[in-house]
Amino acid sequence: MDALRQSAAELLVSAEDSRIETLLAEFLMYQGLGRPGESERRAWRNSLPVLAEDLRAAGLGRVQVLLEHRLPLTSKRADAVLAGVHPKTGRHSYVVVELKQWSRARRWEDSDVLLDVDGARYSPVLHPSLQVDGYVEYMRDFVSVLADAPESITGVAYLHNASESGIEDLRGSHVPSSSRLFTGQRRGDLHEFLTSRLAPDSGIRAADDLLSSRIAPSKQLLSVAADEIQEREQFVLLDEQRVAFELVLAEVRKAIHADSKTAVVISGGPGSGKSVIALSLLGQLAREGRTVMHATGSRSFTQTLRAVAGKGSTRYRSLFAYFNSFMSAERNGLDVLIMDEAHRLRQTSVNRYTRKEVRSVARPQVDELFDAARVPVFLLDQYQIVRPGEMGSVAEIEAHAAARNLPVKEISLHAQYRAGGSEAYLDWVLRLFGLRGDGPVVWRDEDSFTVEVAESPDALEERLSAEIARGFNARMTAGYCWPWSDPRSDGTLVPDVVIDDWQRPWNLRGDRAIGGAPPSALWATGAGGFDQVGCVYTAQGFEYAWNGVIIGPDLVWRTDRWIARREFNRDPDFRSVKTVDDATFDRLVRHVYKVLLTRGMVGTVLYSTDAETQEKLRELTSRGDTSSPSTSL
């Protein structure tokens, strides 16, 4: 169930007697979206009776109202989607409604798209017409029933507490929006618009078809990056994503005009859209003629972006660099430097290949990156710090900025687009590894995401192979608990990952494909990657539909806690006790498995090599091993 569904007439009754609050609260809990807070309940109390009364007054009591409609593969929800029949064509017709309790709204500084709203949870906020535009476009992109009839859905923003004078700035702005905006003072205009899109007929069939529609596979980040950078926008940015995008553009214009400097930090969990924002910014700023570059600390991620987003053009390939590429960069030589995966910042850029004359004047890497651009933009998830020497937390970046008297604008992304949009799954993973809360909790499968425990590595591989046969992509990863050999002289790979009778090779280390295995940087995206086991360094930053994870003997469950066992870990970065003490190793190995468990879009299949840990995983999941493909999707 993607929404709580009632006819407009039913909504009027349940809103008047307050039953709708209870129903919506139960629905959100069912969806794994948590218990609603008082502010959300208050919004329902104040807005839903108004909407229901307007539908009644417009003669649309039989229209279906889908409340808190969850956008596919995200945790984002539209306030309401109206489903009915178009009065002229007789075909399905849908209206996405964004309800705002605002009484007044003003432009934020000189922006047309960002607003300052009294009492808003954060400032600035996105223009509501653009917000609902994003929902409409996103649904067109992902809901198959809308793919062939994009004209069947439109959007409105309804500021039912506002007068026209209270939103003068919104009317006067030049916002490129296709969604209409209405106030409570002009309810008649809203009724006229709704009746132009919806007939008085029943909307049951339209609602049925929308809610049962096949959800097309997500636009994979890298498959559209070439168009994004070289031609036009391909990504739909929603809510905080769009705010972050617009805020960076505003800071860039301000910095160039005033000859000033500002840092921007955008933080969010895996799948919250950080890389989508990064590539959207890169494309927009490049088209505006700004001097802009994209940098990461991930060899796999950077090389994949160069190969895919910059294919056919050395000019665009050169936009993608590494964090350590800016040791000798000209001060403020760039307008903008976009640092994706900034949790992988290192203490220093110096390595064994660094020239002596550069090594002697080396500074902290974050200072080099601050210096390189007027507006350095850091996108990060501090729970993905997995190697010793990485320092990309919000607090560390802000501390370095403060030491330079450099202002920082911080934006937090709360939405979830990976793991089927399940915030509950991300919370479950963080609690599982003791990174949040007071201990592991039992996972319950959702319509959009499932977690399973395989009884053996063979069963794990068979489970993922079944999903590949159904058209999904999948990868297997493991903790770094086995040796890692180079290919044999005849080009065959050594099956280093050995568990009982099951054995598979690691992904390649180098930049050349060998024997059907893709090069290291393309393991997560290239053909043939499923036949090797990936590690955290090749999986981090990527996503695939089905995610198989082998938890090795370096992290085991004993009685009531996790025990990190350094002696079973083969990662060279973790060998030195002097460099990585036991407490740091314990924290980093949990981060490693947290990263591995959060790569999947549809489902995760787990297996532990340790019997007690395997039993604990069974206890914490709502389904164990299965020999047939999941039927819950």
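Helices (H or I, at least four residues) and strands (E, at least two) are DSSP runs, numbered from the N terminus. With that in hand, let's start the tour.

This is a predicted model, in which local features need pLDDT of at least 70 and side-chain atom pairs count only at pLDDT 80 or more, while totals for chains, interfaces and linings use all residues. Residues are numbered from 1 along each chain as its sequence is written, and side-chain values use heavy atoms, with hydrogens and water left out.

**First stop: two loops**

Select Asn332, in the loop between β12 (320–322) and β13 (334–339). Most residues other than glycine have a negative phi. Asn332, not a glycine, has a positive phi of about 55°. Its relative accessible area is 26%, so Asn332 is partly exposed (buried means under 20% relative accessible area, exposed over 50%, partly exposed in between; 1.4 Å probe, protein chains only).

Now jump to Asp500, in the loop between β18 (497–499) and β19 (502–504). Asp500 also has a positive phi of about 55° without being a glycine. With 68% relative accessibility, Asp500 is exposed.

**Second stop: helix α4**

Select residues 128–142, which form helix α4. Twelve of the 15 residues are buried, so α4 is largely enclosed by the rest of the structure. Among the buried ones are Pro128, Tyr135 and Phe142.

Side chains of opposite charge can pair when their charged atoms come close. Here a salt bridge is a side-chain nitrogen of Lys or Arg within 4 Å of a carboxyl oxygen of Asp or Glu, and the count comes to 42.

- Show Glu98 and Lys100: their closest N and O atoms are 3.1 Å apart, and both residues are buried.
- Move on to Glu251 and Lys254, a salt bridge with its closest N and O atoms 3.4 Å apart. Both lie in helix α10 (residues 240–258), three residues apart, about one turn of the helix. Glu251 is buried at 2% relative accessibility, whereas Lys254 is partly exposed at 31%.
- Next, pick Arg558 and Asp610, whose closest N and O atoms are 2.9 Å apart in a salt bridge. This pair links distant parts of the chain, 52 residues apart: Arg558 is in strand β22 (residues 555–558), and Asp610 in the loop between β24 (600–608) and α21 (611–619). Arg558 is partly exposed at 26% relative accessibility, and Asp610 is buried at 13%.
- Finally, select Arg331, Arg363, Asp367, Asp371 and Arg404, which salt bridges with shared partners join into one network.

Notes. The expected span of a helix is 1.5 Å times one less than its number of residues.
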